[in-house]
Amino acid sequence: MSRKEAVGLIEAIGLATAIEAADAAVKSANVRLLGYEACRGDGMSTIKVVGDIGAVKAAVEAATAACAKGRGCFTSIVIARPSEDIEKLIYNSQTVGYTLPEEPEAEVAIEEKREETEEE
């Protein structure tokens, strides 16, 4: 995944509204659904989509319009090229549907432990 892609965030009120917004976003433009993150309070969910800037803008507009059918959209935003400093806020384990990439060092340490256990 290229981290230089644009990111669209749509904060929908209610999970059903968020699902309808996500569906509209991915059907309206060439974007990938990163996932959704449940927000604390008021039953809001943040939909996260990634792709090129034009596609993300179109997807966010479509998702915002779809939210109007449900309980509404609290806010939406498009970040053209997110800074590396905020990537952990976007690409995190709280995002349902997104799997964090495994770190190579962790795999080596696990394999070394297995070898030690097998030797004993």
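Which residues are exposed on the other side of H1?

1. Basis of the note. This is a predicted model, in which local features need pLDDT of at least 70 and side-chain atom pairs count only at pLDDT 80 or more, while totals for chains, interfaces and linings use all residues. Residues are numbered from 1 along each chain as its sequence is written, and side-chain values use heavy atoms, with hydrogens and water left out.

2. Overall layout. The protein chain has four helices and four strands, where helices (H or I, at least four residues) and strands (E, at least two) are DSSP runs numbered from the N terminus. Along the sequence, these elements follow the pattern β-α-β-β-α-β-α-α. Of the 120 residues of the protein chain, 36% count as buried, a term that means under 20% relative accessible area, with exposed meaning over 50% and partly exposed lying in between (1.4 Å probe, protein chains only). Among contacts in the protein chain with a separation of 6 or more, 74% come from residues 24 or more positions apart, a contact being heavy atoms within 4.5 Å.

3. The sheet. Four strands form an open sheet in the order S2-S3-S1-S4, with antiparallel pairing; two strands pair if DSSP finds at least two bridges between them. Strand S2 (32-38) and S4 stand at the edges with a single partner strand each, so one side of each is left without a neighbour in the sheet. On average, neighbouring strands of this sheet are turned by 15° against each other, direction ignored. The antiparallel strands S1 and S3 are joined by eight bridges, and isoleucine 13 stands opposite methionine 44 in S3.

4. Helices on the sheet. H1 packs on the sheet, where it touches S1, S2 and S3, and its direction makes about 15° with that of S3. H2 also packs on the sheet, touching S1, S3 and S4, with a direction at about 5° to that of S1. For these angles, axes are lines fitted to C-alpha atoms, for helices over the stretch in contact, and angles run from 0 to 180 degrees between N-to-C directions.

5. Helix H1. The buried residues of H1 are Thr17, Ala18, Ala21, Ala22, Ala24 and Ala25. They cover an arc of only 165° around the axis, which puts them on the same side of H1; the arc is that of the directions from the helix axis to the C-beta atoms. These buried residues pack against S1, S2, S3 and H2. The opening question is answered here: on the other side of H1, the exposed residues are Ala16, Ile19 and Lys27.

6. Helix H2. In H2 (residues 53-67), the buried residues are Ala55, Val56, Ala59, Val60, Ala63, Ala66 and Cys67. Seen down the axis of H2, they fall within an arc of 130°, so they line one face of the helix. Their packing partners are strand S1 (6-13), helix H1 (15-28), strand S3 (44-51) and strand S4 (73-79). At the N-terminal end, aspartate 52 caps H2, with a side-chain oxygen 3.2 Å from the backbone nitrogen of glycine 54.

7. Glutamate 5. This residue is placed in the segment before S1, and glutamate 5 counts as buried at 16% relative accessibility. Leaving aside its neighbours within four places in sequence, glutamate 5 is in contact with Arg32, Val50, Gly51, Ala80, Arg81 and Pro82. The side chains of glutamate 5 and arginine 32 are joined by a polar contact of 2.9 Å, a polar contact being a pair of N or O atoms within 3.5 Å; within protein, one must be able to donate a hydrogen and the other to accept it, and residues adjacent in sequence count only if both atoms are side-chain atoms.

Note on methods
Expected span 1.5 Å × (residues − 1).
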